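This report goes through a structure section by section, beginning with a single bond and ending with the whole chain. Please keep the sequence and the model open while reading.

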Amino acid sequence: MTSTSTLTRTAAVELRGVTKSFGDVHAVRGIDLELEQGEIVAFLGPNGAGKTTTIDMVLGLSQPTAGTARVLGLEPRHAVARGLVSAVMQTGGLLKDLTVRETVRCTASLFADTRPVDEVLANAGIAGLADRRVAKCSGGEQQRLRFAMALLSDPALLLLDEPDGCEPAGYVGGMRRIVLGTLVALTAALVPPVAQAQLPAAHRAPGFPSLHVKRLVTGLDHPWDVRPVGHGRLLFTQRDRATLSLWDGERVRTVEGFPTDSVWVSGETGLMGLETDPDFATNHVVYTCQGGFTTSGHDVRVMRWTLNGKLTAITASKELLGGLPTTTGRHGGCRLLALKDGSLFVGTGDAATGTNPENKKSLGGKTLRLNATTGRPWPNNPFHKSDNRRKRYVQTFGHRNVQGLALRRDGTGGVWSIEQGTYRDDEVNVLQNGGDYGYNPVPGYNEDVPMTDHSLPGRQISAVWRSGDPTLATSGGDFVYGQGWGAYDGTLAVAALKAERVLFLTLKPTSDLESVRVPPALKKYGRIRTVVDGPGNVFYVTTDNGNGADVILAVRPGT
């Protein structure tokens, strides 16, 4: 829990008796100024009042003639060197031959850790210009590009010197809306939950409530998936311990009769995906995706289990589908999604085998769809009439390692996938029956190829969102619904392992990306494995830190 002592933090900017003279010209005369972290401040004055000169001193570009300047408690140039400060100046050199995306990626390469390239492009309102060369961009568009570049380092202090100065007449309001909307979101990110609750409503991110996070279950080891099962109870899997467990609101108990010894655990594979049947309240059926033993080695398989009325023991089991490829345990998938029509989606990994994703006779690097009762291929699958049995299961192909599946339930519909990239380009995709998502890591297992390779035969489907370079290692996710969530309602919450955060993607009815938000309240629990929406205004988060240090979190909107 955040301590109330965080309310008295180091000032973002502190100027004491600052003056700046150029010979006989006194540009700045004795400024005393203190700006708190989380504030949005407009610095106004007529031309020649010394605004830009003052900003230069805050950025460490020039030194005061007299007085002192401190930024986040540091000398300004030290704060800038640590990546704590970004700025958008009135002018600045851009390489005209690069595209907008290439420019931002080039800037990102200068930092050890950055926000995703596509995320800052969306925040700056230029996602649609990503492939346009800078020379073809208007002055206002180039200023938005500088704004996107400034957002990359996720700065603690962002300075804007006339950011809308290049907008055409009558369009200045467009840039102002983008800047102000982003700054309000940054303000929410900079202010801890206790302080944020005390901010005036006008200073909070518009429509986004604060998040109240509670540790429900502790002492876990790689909890891979979780499902609410009524009356405040949770079922969850632990990958390496290979246990299916019930949390009854007070304590954890292992579900009796679950065959832990039959689960093959290696690397990224073990007891992974968990899903409840849409009629779980009456039939007590759950599904798991897990490593298994075969007569000649190992595989990944999908199982159907029936629990007793108390959900404390297994009463029946059935293997729905086996033979999903695996080698060392790397890229084992494996996420599940059960629909009300009786079908079950399965997201699979490519088992780090280059030919699997594009080979429709392999079950690896795919999303599969099958009958949740019989295990047979779903009759609406695109290749359901194929002579090859495995091909009949394929719903989509050309994937690397599908870690998340989520159903959008806001009228636009559709099943969405989340998968990890190589060293770049984690992806969020909306699935199209028979779609090729373009991952083809050959010869051998060549991870330098694009996640979506449009040079392949046929049509490849581009991602709705991608992380750019570097990867965030996205994993599971779910759509979050509930009136209490405000602007979070209907967003896709995406867990990130390496980046240790949750990204909330606001999506247009057309399935295009509108914006991305990363709340700070979920950036302090380490690696995040998955997010699962719950009944009412709650969603659940599992961490993936290992060594018995993992937890299941319950997240609710604050007041």
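## The disulfide

Cys 289 and Cys 334 form a disulfide, with 1.8 Å between their sulfur atoms; a disulfide is here a pair of cysteine sulfur atoms within 2.5 Å. The count by this rule is one disulfide. The bond ties distant parts of the chain together: Cys 289 lies in strand β12, Cys 334 lies in the loop between β14 and β15, and the two are 45 residues apart. The torsion about the S-S bond of Cys 289 and Cys 334 is about 80°, so the disulfide is right-handed.

The model is predicted, so local features need pLDDT of at least 70 and side-chain atom pairs count only at pLDDT 80 or more, while totals for chains, interfaces and linings use all residues. Residues are numbered from 1 along each chain as its sequence is written, and side-chain values use heavy atoms, with hydrogens and water left out. Helices (H or I, at least four residues) and strands (E, at least two) are DSSP runs, numbered from the N terminus.

## Cysteines and burial

Are Cys 289 and Cys 334 buried or exposed? Both are buried. Buried means under 20% relative accessible area, exposed means over 50%, and partly exposed lies in between (1.4 Å probe, protein chains only). Cys 137 counts as buried because its relative accessibility is 7%. Cys 106, with a relative accessible area of 42%, is partly exposed.

## The largest nonpolar core

A nonpolar core is a set of buried Ala, Val, Leu, Ile, Met, Phe, Trp, Tyr and Cys residues joined through side-chain atoms within 4.5 Å. The largest nonpolar core has 23 residues, of which Tyr 287, Val 302, Leu 321, Leu 344 and Val 346 touch the most other members. Two or more residues of this core come from each of β12 (285-293), β13 (298-307), β14 (314-324), β15, β16 and β17 (367-371).

What surrounds Val 302? Beyond its neighbours within four places in sequence, Val 302 is in contact (heavy atoms within 4.5 Å) with Thr 288, Cys 289, Lys 318, Glu 319, Leu 320, Leu 321, Leu 336, Leu 344 and Val 346. This list includes Cys 289, one partner of the disulfide.

β15 pairs with strand β16 (residues 343-347) in the antiparallel sense over four bridges; two strands pair if DSSP finds at least two bridges between them. Leu 337 has Phe 345 of β16 as its bridge partner. Four residues lie between the strands of this hairpin, where Gly 342 takes a positive phi near 95°.

An open sheet of three strands runs in the order β2-β1-β3, with antiparallel pairing. β2 and β3 stand at the edges with a single partner strand each, so one side of each is left without a neighbour in the sheet. Direction ignored, neighbouring strands of this sheet are turned by 25° against each other on average. α1 packs on the sheet, touching β1, β2 and β3, and its direction makes about 120° with that of β1. For such angles, axes are lines fitted to C-alpha atoms, for helices over the stretch in contact, and angles run from 0 to 180 degrees between N-to-C directions.

β1 and β2 pair in the antiparallel sense over seven bridges, with Glu 14 opposite Glu 34 in β2. Helix α1 (residues 51-58) is mostly covered, with six of its eight residues buried: Lys 51, Thr 53, Thr 54, Ile 55, Met 57 and Val 58. Their cover includes β1 (13-22), β2 (25-35), β3 (66-71), α2 (76-81) and β5 (157-160). After α1 comes Gly 60, whose phi is positive, near 75°.

## A four-stranded sheet

Four strands form an open sheet in the order β19-β20-β21-β22, with antiparallel pairing. The edges are β19 (402-407) and β22 (465-466), each with a single partner strand, so one side of each is left without a neighbour in the sheet. Strand β20 (residues 415-419) and strand β21 (residues 427-430) are joined by four bridges, and Ser 417 stands opposite Asn 429 in β21.

## The whole protein

The protein has eight helices and 29 strands. Of its 559 residues, 55% are buried. Among contacts between residues at least 6 apart in sequence, 59% join residues at least 24 apart.
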